[in-house]
Amino acid sequence: MTLSQDNAARTDAPLRKTVLHSLHRDAGARLVLFAGWDMPVSYPTGIFAEHRAVRTAAGLFDVSHMSVIEVAGARAEAFLDQALAGCASRLAVGRAQYSAVLRPDGVAIDDLFVYRIEPARFLVVSNASNADAVAGWLGTISRRGACVDLDVPERTLDGPVEFRELRDAGADSLIVLALQGPRSLDVLAKLASRPEDAAALGRLASKDVATVGLAGSRVIVARTGYTGERVGFEVFLHPSFAAEFWSAALDAGRPLGAIAAGLGARDSARLEAGLPLFGHELEGDLGISLAEAGYGFVTRRHDTFFVGGKPYLERIRRSRRHLLRLQGQGRRSLRAGHAIVDAEGRPVGQVTSFAYVHDDMTFFVLACVDETFRPASGEKVIGVRRPPAECVGACPEKIRVDLTVLDRFPTDSERDRWPVRYA
């Protein structure tokens, strides 16, 4: 299992715990250090069962370690349009957008989601490992405390705007929990406080956001997530309500097959779906850009300014790499940094993520490879349990791993097979 370079969090920082930590501990979860937080990687059910639940019913994830930043004020839209790679101005109220925040040199600080809750109020949700960097950078450039344009050093962004980290904002605090899988709507509907709330949930399309009553409390529900599921929700709620909601959701979902799921299943699900992870398929040691990861749609390509935009476009014009999504089976595993070789045994790239997804030892791999290496879906390629630099001459059979190339992202027919595959 690979989680991310989040695990390289500062060891001198105090260990942080989510508000649900005691529930995870009492449930027998295996807890690991993750981005400075003590997080459940799996429960006694095991990662395979938790992955299966996400694909056949629903998995409930504690993702409250992620940052929730409120950006508000009359200039919030204009500021985010310039501060982020996506177009916040294209978001209607009640819509969400996958985006990124870049440095002035075009390197991503983080990938993130932006939610427009009100005309002048947005929520920006970033990865736990990058939370301080994102909040610090946005705050600094809103105060005009850093250069935002290498070509025009005197440029400043629209403002002023109001910033708040909502994980700890008193009565206004918000944290995130995620319920992902084909039965997740059915679970939430059982928790709806009123028929109108259940109806509102049923109307949510992908990336829609609404405020509804669940289990007796008003919460923000977004049809978003990072498991590749067609149906999945992220619930923004006050920390004081988190334990009650967690227990109610598991009670309501248990007859439908829903269970608690840890970071292991979150990682395996996103990997099966080909979704990039910051530090692995985005930036990290290899410096992989959004475009190289298959997410070129995130950044604008026209002349409108945003921080890092011009250097980023120059960067991707020089790009000579792309990602492959691969599948294999067996006990010969690969790890990040292991080589992908061509038919002649020459290194053409390396693994960025690996995870088993099934107790039959099926696994998925993402790999960053040379632009010229473009095997078609269904073709066979070879992974080698050595770094590319050590792949000189013929590699022994015992360190070779057979892989099958898949479409970069799952097709509709592949997604349709998931519930059957994991039943």
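Trainee: By class, what residues make up the lining of the largest pocket?

Mentor: The lining has eleven nonpolar, eleven polar and seven charged residues, where nonpolar covers Ala, Val, Leu, Ile, Met, Phe, Trp, Tyr, Cys and Pro, charged covers Asp, Glu, Lys and Arg, and polar covers the others, Gly among them. Please keep in mind that this is a predicted model, in which local features need pLDDT of at least 70 and side-chain atom pairs pLDDT 80 or more, while totals for chains, interfaces and linings use all residues. Residues are numbered from 1 along each chain as its sequence is written, and side-chain values use heavy atoms, without hydrogens and water.

Trainee: Which residues are closest to the centre of that pocket?

Mentor: Of the 29 lining residues, those closest to the centre are Tyr98, Phe113, Ser206, Lys207 and Phe297. A pocket here is an open set of points on a 1 Å grid over the protein atoms alone, where a 1.4 Å probe fits, with protein on both sides within 12 Å along at least five of seven lines, and lining residues have an atom within 4 Å of a point.

Trainee: New topic, then: which residues of helix 5 meet helix 7?

Mentor: Val187, Leu188, Lys190 and Leu191 in helix 5 meet Phe245, Ala248, Ala249, Ala252 and Gly253 in helix 7, contact being heavy atoms within 4.5 Å. By class, this contact has seven nonpolar, one polar and one charged residues. Helices (H or I, at least four residues) and strands (E, at least two) are DSSP runs, numbered from the N terminus.

Trainee: And where is the cis peptide bond?

Mentor: It joins glycine 159 and proline 160, with omega about 5°, and proline 160 lies in the loop between helix 4 (131-142) and strand 8. Most peptide bonds are trans, and most residues other than glycine have a negative phi.

Trainee: What is the phi of alanine 35, and is that residue buried or exposed?

Mentor: Alanine 35 has a positive phi, near 55°, although it is a residue other than glycine, and it sits in the loop between strand 1 (30-34) and strand 2 (37-42). Alanine 35 counts as buried because its relative accessible area is 10%, and buried means under 20%, exposed over 50% and partly exposed in between, with a 1.4 Å probe and protein chains only.

Trainee: What about alanine 215?

Mentor: Alanine 215 also has a positive phi, about 50°, in the loop between strand 10 (209-214) and strand 11 (217-222), but at 24% relative accessibility alanine 215 counts as partly exposed.

Trainee: Last one: why does aspartate 168 count as exposed?

Mentor: Aspartate 168 counts as exposed because its relative accessibility is 69%, and its place is in the loop between strand 8 (162-165) and strand 9 (175-180).
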